Amino acid sequence: MQSEQSHSKAGILFTSPYLIHLVVFFLYPVGFSLYLVFHRWDLMTDPEYVGLRNFTYLMSDHLFWQALTNTLYFLVIHIPLQIIVALALAIVLAKPLKGRVFFRATFFLPVVISGAAVTILWQRLYSTEVGLINYVLSLVGIDAVPWLTDPGIAMPAIAIMATWKNLGLYVVFFLAGILAIPQTVYEAAKMEGASSWHEFRYITLPLLKPTMFLVVVMSTLGGFNLFIEPYVMTGGGPLGSTMSVVLYMYKQAFSFQHMGYAATLGFALALIIMVCVFIQKKYLDSERYY
Amino acid sequence: MQGLELKNLEKHYSGNDQPTIRRFSAKFEPGEFVVLVGPSGCGKSTLLRMIAGLVPVSNGAINLDGKDITNVESNLRNISMVFQNYALFPHMNVYENLAFGMRIRKEATQTIEKTVTEAAKILHLQDLLDKKPGALSGGQRQRVALGRAFVRKPKVILFDEPLSNLDARLRIEMRQEILKFHEQCGAISIYVTHDQHEAMTMADRMIILNQGVACQTGTPEEVYNNPVDQFVAGFVGSIPMNFIHGRGILNEGRSFFQVGSYKIDLSHIGKDYQLDWSKNSGGLTLGVRPEDIYLDEHYSHAVAPSPKMAAQVKMVEYLGDSTIVHLEGDIGSFKSRFNKDLRVRKSQKLDFVFDLKKLHLFTEEGNKLPC
């Protein structure tokens with residue numbers, strides 16, 4: 001009996017760091033946010049119960065809908081761009097090329113650089129006055145493009161930057177997926193007369209479906225959490241064209257002290273993400289072969 | 001010439017001092033089942049891949065039915081290959097796996113259906129056509145791999161250790177299936193294995209490969225009974241040949257093999273060795289197969305029994321159909337295969353004889369002396 005008791009004590013002790021972390025940094029904030037959803041709170045006065053008013057406001061808040069549309073627009077550019085470029089790079093880097101270890105490391109580098117630093121770097125690159133990109137364009141006779149100040153271009157510009165930043169991670173995922181496919185499967189296909197395109201279309205792509213699902217889900221999660229890039233580069237402008245849901249939530253919370261409404265936005269976003277991932281799982285998830 | 005001819009094939013990999021394949025030449029007749037056998041890393045899979053066109057040839061030529069195919073793309077060589085891990089397309093069902101090549105080559109749907117149905121019938125895959133490889137057993141996957149080779153109606157089928165992933169019992173079953181399949185195809189089959197037992201039981205002809213060089217080519221009987229050197233002698237045989245190291249001596253004009261206190265008159269082995277052993281170091285190796293060792297009381301079974309020798313039993317392996325006895329005596333350690341009815345105990349002392357007509361003699365370099 002005694003040993004059983006000391007066993008359970010030891011168990012609790014060993015799991016306590018995680019349990020404390022879970023309670024303090026996850027369960028409590030989630031619980032408190034849920035409480036805030038039904039309250040109005042400005043950080044100064046006591047929270048005031050408002051029932052479902054935060055939700056009804058959310059439904060009619062055109063700024064929220066604009067932020068959601070912006071975020072979806074970002075995702076529509078970001079996810080396909082991310083997949084195409086990462087997959088192409090992974091295919092090249094899977095080949096026995098000279099210096100591939102160097103390139104693998106180089107493409108991964110932006111992932112480990114701080115988001116704020118990358119954003120400032122790209123702000124300079126996009127600059128109309130001193131930006132490298134516009135300078136290169138000017139060399140071929142193209143007028144300076146107002147990357148971050150034109151409402152039609154700002155979000156794609158941010159999407160390109162975000163893709164560059166996260167690319168390395170997805171290249172690694174795809175690379176792992178490609179390298180897991182046995183070489184003999186390609187050799188068998190080659191002996192049947194498959195061209196490089198056939199190999200890609202009928203072998204690599206279908207066998208990468210599980211990786212593709214992972215990349216799509218992770219890009220979706222990351223994309224919906226778009227914050228640091230518009231926050232640093234554009235502040236949500238021009239004309240609200242880069243205002244993302246998370247940035248809007250942040251502004252509601254810390255610029256306008258609408259903590260209850262910000263919490264409501266957070267829950268709404270979580271719900272939207274769940275629905276998206278569920279749909280992706282239904283259509284993209286498949287058996288794992290290796 | 002009809003058939004496949006390999007002329008002085010060589011493969012050099014950059015970074016390797018020694019070529020992986022050295023001046024390999026061989027001819028394969030239509031309908032022949034040839035087994036390439038050798039230890040791991042001897043270059044047999046590389047050679048197969050060179051024939052398949054998956055590995056470029058450094059030197060030499062490959063001719064198929066008189067046509068040089070050395071630099072022809074692998075899919076245009078009319079050669080199929082069955083891989084060790086089957087290399088089936090895991091996301092396609094059996095039908096799609098069999099039809100893959102024909103679909104790539106844009107053959108008519110009716111032709112594809114007819115060919116796949118025929119292959120499925122021959123290989124008993126009819127009920128599995130809509131199953132994916134993951135749902136099949138090892139033997140079934142192997143049959144799908146055979147089917148994929150069959151539907152191409154190739155002139156040459158290459159087998160790269162196709163049974164090594166199967167358990168012992170299934171391996172024996174599949175050997176028969178592969179041989180039956182080979183007869184139905186009528187193609188040249190080149191079969192790579194490191195399992196000499198598989199090689200002996202399946203081959204019309206076997207080629208023993210060591211360090212990229214073909215050591216010996218011949219029927220299993222030829223290779224077993226007349227190995228050209230010590231490597232082949234030691235490699236072929238499910239229980240390897242025993243090698244007893246001793247010296248050659250000349251005594252009153254006659255040659256003897258001496259080990260410990262025993263002297264074996266070499267004139268009994270078959271050839272009169274009037275050699276002056278003192279010219280070299282005199283080191284010799286006597287090769288004797290485990291089944292050519294007899295207990296003293298059974299010596300009458302030996303055509304030409306050697307002098308009686310003594311040894312002690314170190315271990316007994318009862319195999320059911322025979323008994324393997326590990327012995328140690330003045331001549332060193334060796335194994336013998338005895339009748340299943342023999343009852344011996346560990347540490348028991350035995351007298352035994354060799355059958356002198358079945359001994360093999362090798363120089364210190366491993367070359368065989370004529371017997």
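Visitor: Into which domains is chain B divided?

Guide: Chain B is divided into domain 1 (4-235) and domain 2 (242-363), with bounds that come from an automatic or database domain assignment. The model is predicted, so local features need pLDDT of at least 70 and side-chain atom pairs count only at pLDDT 80 or more, while totals for chains, interfaces and linings use all residues. Residues are numbered from 1 along each chain as its sequence is written, chains are lettered from A and ligands numbered from 1 in the order in which they are written, and side-chain values use heavy atoms, with hydrogens and water left out.

Visitor: How many residues of each domain of chain B count as being in contact?

Guide: The C-alpha centres of domain 1 and domain 2 of chain B are 39 Å apart. Contact means heavy atoms within 4.5 Å, and 7 residues from domain 1 of chain B and 8 residues from domain 2 of chain B take part.

Visitor: What area do these two domains of chain B bury between them?

Guide: Buried area is the accessible area (1.4 Å probe) that two parts lose on being put together, summed over both. For domain 1 and domain 2 of chain B this is about 640 Å², with 53% of it on carbon and sulfur atoms. On the domain 1 side, B:Tyr224, B:Gln230 and B:Ala233 lose the most area, together 75% of what that side buries.

Visitor: Why are α2(A) and α13(A) called roughly perpendicular?

Guide: Angles of 65 to 115 degrees count as roughly perpendicular, under 35 as roughly parallel, over 145 as roughly antiparallel and the rest as oblique. The axes of helix α2 (residues 53-60) and helix α13 (residues 259-284) of chain A cross at roughly 65° and come within 9 Å; α2(A) and α13(A) are therefore roughly perpendicular.

Visitor: Why are α2(B) and α4(B) called roughly parallel?

Guide: In chain B, the axes of helix α2 (residues 94-104) and helix α4 (residues 138-150) cross at roughly 25°, and these helices are therefore roughly parallel to each other. Their contact is made by B:Val94, B:Asn97 and B:Leu98 of α2(B) with B:Val144, B:Gly147 and B:Arg148 of α4(B).

Visitor: What do chain B and chain A bury between them?

Guide: The two chains bury about 1900 Å² between them, 64% of it on carbon and sulfur atoms. The contact takes 24 residues from chain B and 19 residues from chain A. In chain B, B:Pro90, B:His91 and B:Ile104 lose the most area to chain A, together 28% of what that side buries.

Methods: Axes are lines fitted to C-alpha atoms, for helices over the stretch in contact, and angles run from 0 to 180 degrees between N-to-C directions. Helices (H or I, at least four residues) and strands (E, at least two) are DSSP runs, numbered from the N terminus.
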